[in-house]
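Here is a short briefing to read alongside the structure. Please keep the 3D view open as you go through the points.

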Amino acid sequence: MAALVAANLRRHSRDRTGLFFMVVMPFVSILFVGMAFGGASSSRLPVGVVAAGSDAVTAALLTELRAHPDLEVRPMSAADDVRSGVRSGSLAAGLIIAPGAVRLDLVVTQANGSGLAARGAVDGAVAKVAAVQEATRAAMAAGATAERAAGYVRQAQAESGRVGVTGTATGSGGDPRGFAYTAPANLLLFTFINSMAVAAALVESRRLGMLQRALTAPVRRRSVLLGEAVSRLLVALAQAALIVVVSALVFGVSWGDPVGVAAVVGVFALVATGAAILTGTLLRSPDQAPAIGPPLGVVLGMLGGCLWPRESSPEVLNALGHLFPHAWGMDALLRLAEPGTGLGAVLPQLGVLAAMAALLLFTSLVLFSRRTPA
Amino acid sequence: MAAMTAALSCLGLGKRYGDLVAVDDVGLSIAGGQAYGLLGPNGAGKTTTISMLVGLLRPDAGTVLVGGVDLAREPLRAKARIGYVPQEIALYPELTGRENLRFFGRLFGLPRRGLAARIAEVLDLIGLTDRADGKLGAYSGGMKRRVNIGAALLHRPQVLILDEPTVGVDPQSRKAILDGLEHLVADGMALLYTSHYMEEVERVCDRVAIIDHGRIVADGTRRELVSLVGGADTVELVLDGDVGAAFEKLRAVEGVSEAARTGDTSVRLLADGGRYLLPSLITAVEGHATVTATQVVEPDLEATFLHLTGTTLRD
C-alpha cells in the first residue's frame, strides 16, 4: 500500500500543470479576490467624512473613526463629493455628520464587499461614541457635573480598555472581509478542484491496467483500494495545509482553533477524496476528469460562497449551497475564525461534512471495487 | 510432470458469463524450465484463462496450483510465485523506468534493502541500464515492453505468464525479448506464453495448447501438434557428384515416402520426421555425391491451427 501511495505521489509531483494549480493558483486567487473584497489587510478602507460642526460628539466620532484599524478617514467638505466618491468606488463609504444632529448620514453602495465592511466598522465606531454619550448622560442624570461625568466615563473606558480592543477585533472578525474570507473560501475551492483534477490520474491508472496489475501482486484487494484512496487524501490534505500555512504567514489570516480547523479541513479533504474517487470511477477517459471536475468544483464553490460572499447572493442560492459540502465548510471555517470559538462550535457542520464524506467514500469505493475486474 | 510438482498447473478451469461459456474445463501443467504456448483465435478464452491463472478472475470451477500452492486458498502465497506481464503496458508514464521497477518491487514486498541492486540486475537483463532514468513516456514501444516484462521479474517468480508481450515491437526489441525469455527458461523458469505471432510461439515454446471456444482442442509438443494434420516434412537437398545414383539411394531410405528431382543438382523428398532423417540421408548418398545444402520445410503450426480452429491467428 505504501508503495502505491509513494508512486502516486511521485506521479503527481511530475505533473507541472497540476503543481502550478496546487501551489500557485490558490494564492493568486486569494490575493486578487481578497483585494477585490476589501483590500490587503495593510491598506485601509477609505471613508469620506463631512464634519461641519466641532461639538463634542463630532470630535469623539472622528477620533473613534481615525482610531479604527480598518478605516482611513478622509475629511471632505461637501456631501455631494462623498456621494460621488462612493459611487465611483474611490471611497468605500461616506459619513455625513451634521453639527449637533442626532442623525448621521451613511453613504454606501449595497452590493459591494468593502462597502459592507466599511459600514460595519463605522457602525462600530458610532456605537462606541453613542455608548460614551449614553454613559455621560446617565452619570449626569445621577447628579454628577459634566466634568465629573466625563471623568467617570474616561475612567470606565480605561478600565474596559482591554474589552474595547477585543470588541474591535471581534467586529472585524465577525464580519470577515479580505483575506479572512477569501483564504478559507479558496482553501475549500482549490482542495476540491484539485482533488477532482487528480481523479484523472485514477482513471489513467485504470486505463493503463495498473490497478489490475497491482491486484496480481501478493497484496490484498482492499490494500490496493486503500492505497489509491490514501494517495488522493494526502494530496487534498497537502493542498489544504499549504493554503493554511501560507495564508497565515503571508497574508496574516488567523484561522482560529487549530484542532477545529484541522478537523474541518480533514473531513472536507475526505469529502473531496470521495468525490474524486467517484469521478475517477465513473469516467472512462482521463481527459474527461479535468473537463468535468474543476467546473463542477467551481459551481459548487459558487453555491457555497467560495467565490463571493454569500451575503450578496439570494437566499435560494444559499439554501441550495447547503446541499453541498462547500457551504458547510465555509460556515465552519468562518465560525472558527471568530475568537473564542473551538471545535465545539462547529460540531453540526462537522457532522454534516462527515456524513457526506462517509456516503461519498462508501459509494465510490464500492463502485470502484466493482468496476475493477477481479 | 505431476501436478504436484509443476510450477503452474490448472485442472477443470471454467468460467461463464450468463449463458456464454468463456472457458470450459481447461487443464494444463507447466514444469520449471518449460515454455508453454497458448494459442487461440481472438475471443477463444486466452485472456480469461490467464486472468484466472494470475488470480484476477475467480474461476467458477476448477483449481489453480502455483508451485503446488492453491491460488484460491492461499492467494498471497501463490501470487508471490507468479510474474504476470499483461498485454497492455501497465506502467506509469510519468515515472522513469527505474521508478516503475521500484514501485513493482515494493508492491511485491521486496525489502528496501537490496531492492536497488535487484532493479539494477533486471535493468541489465532487459538491456535498459543506460536509459533507466528517462521518463517511461519517452521510451520507444520496444523499451516500454521490456520494462513491462522486467516489472514481472523483480521478485524472481517461478512462473512467468506473458500475454502478447511483443505487440507493437520493432524486430530488434522483439529479438532481444525472445532471447531474454529463452535465457530465463534455460535457467529453470516456467513460461506461459500467448502470442498472435506463430513464429514466436514456435521458437520459444516447447509445448503448445490450442484453445478455441473456451476449450483446449489440442495439446502437445510442436511436432505432436503438427503431426495431427498428418503432414510429412518436405526435405530439399542440393547434391554435388553423381546426382542420379544418389537420387536412387535416397529414394530407398526408410521413411521417405516420395522423391523427386527438381533440377540438375536438386532433389525434393517427402519424409515423415524429415529432420531426424537427415543423417541417414547424408549417409545414403556417400560414395556417389555430397550434400551441399539442405532445407527441411515442416508443416507448421499455422497449418495445424487452421486445421483445428478453422481460422488463422491474425484475423
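In this predicted model, the contact between the two chains draws 19 residues from chain A and 21 residues from chain B. On the chain B side, the elements that supply two or more residues are α2 (75-79), β6 (82-85) and α3 (97-107).

**The side of chain B that touches chain A**
- Which element gives the most to this side of chain B? That is α3(B), with 4 residues.
- Sorted by class, this side holds 14 nonpolar, 5 charged and 2 polar residues.

**Helix α3 of chain B**
- α3(B) is mostly covered, with 11 of its 11 residues buried.
- Among these buried residues are the charged-class names B:Arg98, B:Glu99, B:Arg102 and B:Arg106, and the list also includes B:Leu101, B:Phe103, B:Phe104 and B:Leu107.
- After α3(B) comes B:Gly109, which has a positive phi near 75°.

**Chain B as a whole**
- Chain B contains 14 strands and 11 helices.
- Of the 315 residues in chain B, 46% are buried.
- Taking the contacts in chain B with a separation of 6 or more, 70% are between residues 24 or more positions apart.

**The sheet of 6 strands**
- This open sheet of chain B runs in the order β6-β7-β8-β3-β9-β10, and its pairing is mixed.
- From one strand to the next, the twist averages 15°.
- β9 (residues 207-212) and β10 of chain B pair in the antiparallel sense over 5 bridges, and B:Val208 stands opposite B:Gly220 in β10(B).

- Another open sheet of chain B has the order β12-β13-β11-β14, with antiparallel pairing.
- Its edges are β12 (256-261) and β14 (289-297) of chain B, each with a single partner strand, so one side of each lacks a neighbour in the sheet.
- Direction ignored, neighbouring strands of this sheet are turned by 25° against each other on average.
- Inside the order, β11 (residues 233-241) and β13 (residues 266-271) of chain B are antiparallel partners over 6 bridges, and B:Val235 stands opposite B:Leu269 in β13(B).
- Helix α9 (residues 243-251) of chain B lies across β11, β12, β13 and β14 of chain B, running at about 165° to β12(B).

Conventions
Residues are numbered from 1 along each chain as its sequence is written. Chains are lettered from A and ligands numbered from 1 in the order in which they are written. This is a predicted model: local features need pLDDT of at least 70, side-chain atom pairs count only at pLDDT 80 or more; totals for chains, interfaces and linings use all residues. Two residues are in contact if their C-beta atoms, placed from the backbone, lie within 7 Å. A residue is buried if 20 or more other C-beta atoms lie within 10 Å of its own, exposed if 12 or fewer, and partly exposed in between; C-beta atoms are placed from the backbone. Two strands pair if DSSP finds at least two bridges between them. Axes are lines fitted to C-alpha atoms, for helices over the stretch in contact, and angles run from 0 to 180 degrees between N-to-C directions.
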